[in-house]
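Me: I would like to go through the terms used for this model and check each against its criterion. Please answer briefly.

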Amino acid sequence: MRFPTPLLQGRLIRRYKRFLADVLLDGVEVTVHVPNSGSMLGLDIPGSAVWLSRSGNPKRKLAYTLELVEAAAPWGEGLVGVNTGHPNALVAAAIAAGTIPELAGYDRLRREVKYGRNSRIDVLLEDDPAKPAARPPAYVEVKNVHLRRPGGPQGDHGDGAAEFPDCVTARGAKHLEEMAAMVAQGCRAVMLYLVQRGDCSHFRTAADLDPVYHAGLRRALDLGVEALCWSCAITPESIELDRPLPIRL
């Protein structure tokens, strides 16, 4: 995915009310939209270099959107994508291109299909049922990952792990239950964790931040839900899936 227009570099002043941030841009303080409902732990540090997109829609209240943050030691290094609106499209494009072997070769890809309890699956993959050896539908739930923590006093988080979630997510726990239910109905169900950064060596759940989600994922895996993780290569010009990461729970 290439950004349609060049991103603008600024400095973060503060993030507040979850979806707002003040940024110093060309010497002027502007308020920008933050498309991320998580805590952005380690990525909301005042003074951090950030990159913004600008909308040409005159009806938008806020013209600028926070897209990238440059992680600073001890919270990692390099650019991190924080716009949670991008992962679904990134994953769908990668599946269509055959980049993810486990999800390649399906006849049809649909997005935002209703399922479960008033939910929508991010990506639904289907084979033509008339085709010999047609596979069952694959329900793919995409989660945006951007947390990498520094080592604590015991070095417990300083091993290069990408972690999810960065705060309690009741919605995420609900999705795990719904995915397990799809497996019980004979479908495939795949959790795909997209790490919008390139400085991580593996993935795990942040069990201390959300023990319910951690237990829920382990239970879902035991019931047949699959899990995949990919990291991204990020520049101010583009974001692309780069390589798979091992999952260590």
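This is a predicted model: local features need pLDDT of at least 70, side-chain atom pairs count only at pLDDT 80 or more; totals for chains, interfaces and linings use all residues.

Me: Why are β1 and β4 called paired strands?

Reply: Pairing requires at least two bridges between two strands. Strand β1 (residues 8-16) and strand β4 (residues 49-54) share 4 bridges in the antiparallel sense, so they count as paired. One of the positions involved is R11, whose bridge partner in β4 is A49.

Me: What makes β1 and β2 a pair?

Reply: The criterion is again at least two bridges. Between β1 and strand β2 (residues 20-25) there are 5, and the strands run antiparallel; therefore they pair. R14 stands opposite D22 in β2. In this hairpin 3 residues lie between the strands, and K17 has a positive phi near 50°.

Me: What does UniProt list for residues 13-73, and how much of that stretch is strand?

Reply: The unreviewed UniProt entry lists "domain: SfsA N-terminal OB" there.

Me: How do you know that the span of α2 is close to the expected one?

Reply: The expected span is 1.5 Å times one less than the number of residues. Helix α2 (residues 170-184) has 15 residues, for which 21 Å is expected. From first C-alpha to last, α2 reaches 22 Å, which is close to that value. Buried residues of α2 include L176, M179 and M182, and their cover includes β11 (188-195) and α3 (211-222). After α2 comes G186, with a positive phi near 95°.

Me: Why is Y193 called buried?

Reply: Buried means under 20% relative accessible area. Y193 has 0%, so Y193 is buried. Y193 is found in strand β11.

Me: Which residues is Y193 in contact with, beyond four places in sequence?

Reply: Among them are K143, F164, Y213, L217 and W230, each with heavy atoms within 4.5 Å.

Me: What makes a residue part of the lining of the largest pocket, and which lie nearest its centre?

Reply: A lining residue has an atom within 4 Å of a pocket point. By that criterion 30 residues line the largest pocket, and S37, T84, K143, F164 and R171 lie nearest its centre. Its volume is about 660 Å³. The largest share of the lining, 5 residues, comes from β9. Elements that supply at least two lining residues each include α1 (87-96), β10 (161-164) and α2.

Definitions and conventions
Residues are numbered from 1 along each chain as its sequence is written. Side-chain values use heavy atoms; hydrogens and water are left out. UniProt positions are given in the numbering used here, feature names are shortened, and annotations may be inferred rather than shown by experiment. Buried means under 20% relative accessible area, exposed over 50%, partly exposed in between (1.4 Å probe, protein chains only). On a 1 Å grid over the protein atoms alone, a cavity is a set of points where a 1.4 Å probe fits but cannot get out, and a pocket is an open set with protein on both sides within 12 Å along at least five of seven lines; lining residues have an atom within 4 Å of a point. Grid points are joined across faces, edges and corners, and a volume is the space filled by probe spheres set on the points.
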